[in-house]
Amino acid sequence: MQNSLKIDYGQKIGKTIIFAKNHKHAELIFEIFNREYPHLNGYAKVIDNYLNYSQNAIDEFSDPNKLPQIAISVDMLDTGIDIPEILNLVIFKPVLSKAKFWQMIGRGTRLCPALLDGADKQKFFVFDFCGVTDFFKENKGRERNEQIALQTAIFNLKTQIVYKLQHISFQTNELIALRKRLIGEMIDKIAELDKNNFAVKLHLKEIEKYALESAYEPLSYEDTLVIAEHIAPLILPDGGEVSAARFDALMYGIELAYLVGNAYARARSDLMKKVNALSKIANVPQIMVQTEFIEKILKEEYLEEADVNEFEKIRENLRDLIKFIPKNKQTYTTDFTDEILSVEWKDTEYDGEAVKNYRIRAERYVRENQGAPAIFKLRNNEPLTAGDVADLEKVLWGDLGTKEDYENNFGKKPLGEFVRETVGLDIASLKAAFAEYLNESRFDGKQIYFVNQIIEFFVQNGLMKDLSVLQGTPFTDRGSIVDIFRDVNVWYEIRKIIESINSNAVAA
């Protein structure tokens with residue numbers, strides 16, 4: 001259930017066939033499913049020749065708008081059935097005929113336009129519990145499912161926001177209240193979990209810990225990893241409008257981006273499209289009430305000057321209105337793992353030629369003068385001095401332009417960080433910094449792979465200020481931090497090295 005391909009923005013498992021051995025086996029699977037997932041009433045159904053109206057059951061399964069989502073089949077769906085919406089095949093019986101095997105696999109190969117939330121079906125998953133693919137030597141390796149359920153994404157976003165709001169910069173009455181409210185919502189969602197459910201039982205230790213408010217005071221980065229690994233994937237959907245939940249995810253993503261210093265331009269553009277769409281159907285009574293607020297948002301400077309409180313106001317006031325937007329005009333943002341937690345700096349919004357030319361001059365100078373003392377130190381992970389910073393100021397704020405020119409292009413970013421992001425880091429200096437953790441005699445392949453991905457990130461980006469990037473691909477391609485570093489002290493030491501590399505870009 002957790003690793004299958006899903007539809008409705010991760011909230012519903014896609015059409016699935018479980019190939020069972022016989023009727024007794026199918027009934028047992030059905031019984032266990034209903035016991036472990038009592039809230040998914042009607043999701044699964046046995047379809048075999050014991051059923052009086054088997055064709056009716058097949059017709060219902062074939063209808064993308066009807067349940068069941070999971071057909072537990074004994075021979076009846078192995079061949080001759082054309083259901084394009086099938087996304088998952090579960091082989092739960094031995095198969096000795098290669099022709100039969102390929103007929104079963106063929107149930108998933110039908111194309112289906114716009115199946116995955118507007119995207120065409122391009123793949124299906126096969127879960128083989130009986131070694132059939134190995135038997136026919138067709139096993140080419142398992143593809144990771146990077147899809148995240150909507151409720152999981154929202155829970156992870158709330159976790160990250162709660163973590164970021166601990167910083168001294170955000171200790172205002174409004175933001176303290178927001179953090180407390182988010183914690184309460186997270187605890188309420190954890191309380192909804194059925195502790196008799198098999199999947200929940202596997203994570204009871206973590207569930208019981210984070211069901212208490214005290215676990216969030218304070219919340220460490222390692223806590224966010226544990227929550228993402230053990231709790232977020234179990235969270236149940238709210239059951240309300242999916243469009244409102246998608247809007248929540250969009251706005252929480254924008255709020256988190258603000259807190260980490262990321263402009264998150266694509267999401268803001270998506271927000272403006274939605275607000276524009278609402279403005280065109282303002283005759284709807286519920287939207288009419290928000291007319292003044294919608295007009296306020298449409299003014300460009302509003303979003304540019306907005307902070308977390310304003311973004312939260314947008315979320316609360318508009319989330320229940322999104323359902324009125326005609327579906328053919330709505331734009332969705334669904335790549336939560338990639339765009340919500342990554343850190344990308346926004347290009348300048350100033351169009352003047354002088355400002356554009358300053359950016360070009362500044363970046364060109366840095367790239368062409370990597371032998372200059374300050375730039376050499378930054379590229380080779382050596383700490384900066386106040387004198388080095390003064391040298392950079394003389395060039396970037398004097399010879400090439402003004403401090404105002406710099407800030408118009410790069411904001412308040414320290415000069416050392418600008419240089420690092422422009423030229424990256426030398427790989428030899430990074431391997432020296434992480435040398436202990438590249439030792440094959442002490443660390444396994446997964447751990448060394450993880451450290452090498454950190455090195456590659458630094459080479460390309462120069463900095464790793466937001467550790468949440470470590471919760472996505474490629475870092476998690478061989479397991480999460482929790483899985484890879486069973487000894488948390490090893491992870492702590494690696495984290496110290498990351499922080500040291502970042503700090504070397506700013507003069508002490």
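Predicted model: local features only at pLDDT ≥ 70, side-chain atom pairs only at ≥ 80, totals over all residues.

Biologist: How many disulfides does the structure hold?

Modeller: The count is zero. As for individual cysteines, Cys112 is buried at 9% relative accessible area, and Cys130 is partly exposed at 34%.

Biologist: Now the charges. How many salt bridges does a search of the whole structure find?

Modeller: The search finds 31. One of them joins Lys465 to Glu417, with the closest N and O atoms 3.2 Å apart.

Biologist: Where do Lys465 and Glu417 lie?

Modeller: Lys465 lies in the loop between helix H23 (445-461) and helix H24 (481-484), while Glu417 belongs to helix H21 (residues 415-423).

Biologist: Which residue meets Asp483 in a salt bridge?

Modeller: That is Arg486, at 3.7 Å from N to O. Asp483 is partly exposed at 32% relative accessibility, whereas Arg486 is exposed at 68%.

Biologist: What about Glu499 and Arg495: how are they placed in helix H25?

Modeller: They are four residues apart in helix H25 (residues 488-503), which means a separation of about one helical turn. Glu499 is partly exposed at 41% relative accessibility, but Arg495 is buried at 17%.

Biologist: Which residues do salt bridges with shared partners join into one network?

Modeller: The network consists of Lys158, Arg181, Glu185, Asp248, Glu312, Arg315, Glu316, Arg319 and Asp320.

Biologist: On to the rings. How many aromatic pairs are there?

Modeller: There are 19. Among them, Tyr258 and Phe311 are arranged edge-to-face, with 6.2 Å between centres and 70° between planes. This pair links distant parts of the chain, as Tyr258 is in helix H10 (residues 242-260) and Phe311 is in helix H15 (residues 308-318), 53 residues apart.

Biologist: How accessible are Tyr258 and Phe311?

Modeller: Tyr258 is partly exposed, with 34% relative accessible area. Phe311 is buried at 1% relative accessibility.

Biologist: Which residues form one aromatic cluster?

Modeller: The cluster is formed by Tyr163, Tyr221, Phe450, Phe457, Phe475, Phe485 and Trp491.

Biologist: Last topic: what lies over the face of Tyr449?

Modeller: Arg478 does, at 4.1 Å from the ring centre.

Conventions
Residues numbered from 1 in each chain as written. Heavy atoms only, no water. Disulfide = S-S within 2.5 Å. Buried < 20%, exposed > 50% of the residue type's maximum accessible area, 1.4 Å probe, protein only. Salt bridge = Lys/Arg side-chain N within 4 Å of Asp/Glu carboxyl O. Helix = DSSP H or I, 4+ residues; strand = E, 2+ residues; numbered from the N terminus. Phe/Tyr/Trp six-rings, centres within 6.5 Å; stacked < 30°, edge-to-face > 60°. Lys NZ or Arg CZ within 6 Å of the ring centre and 35° of its normal.
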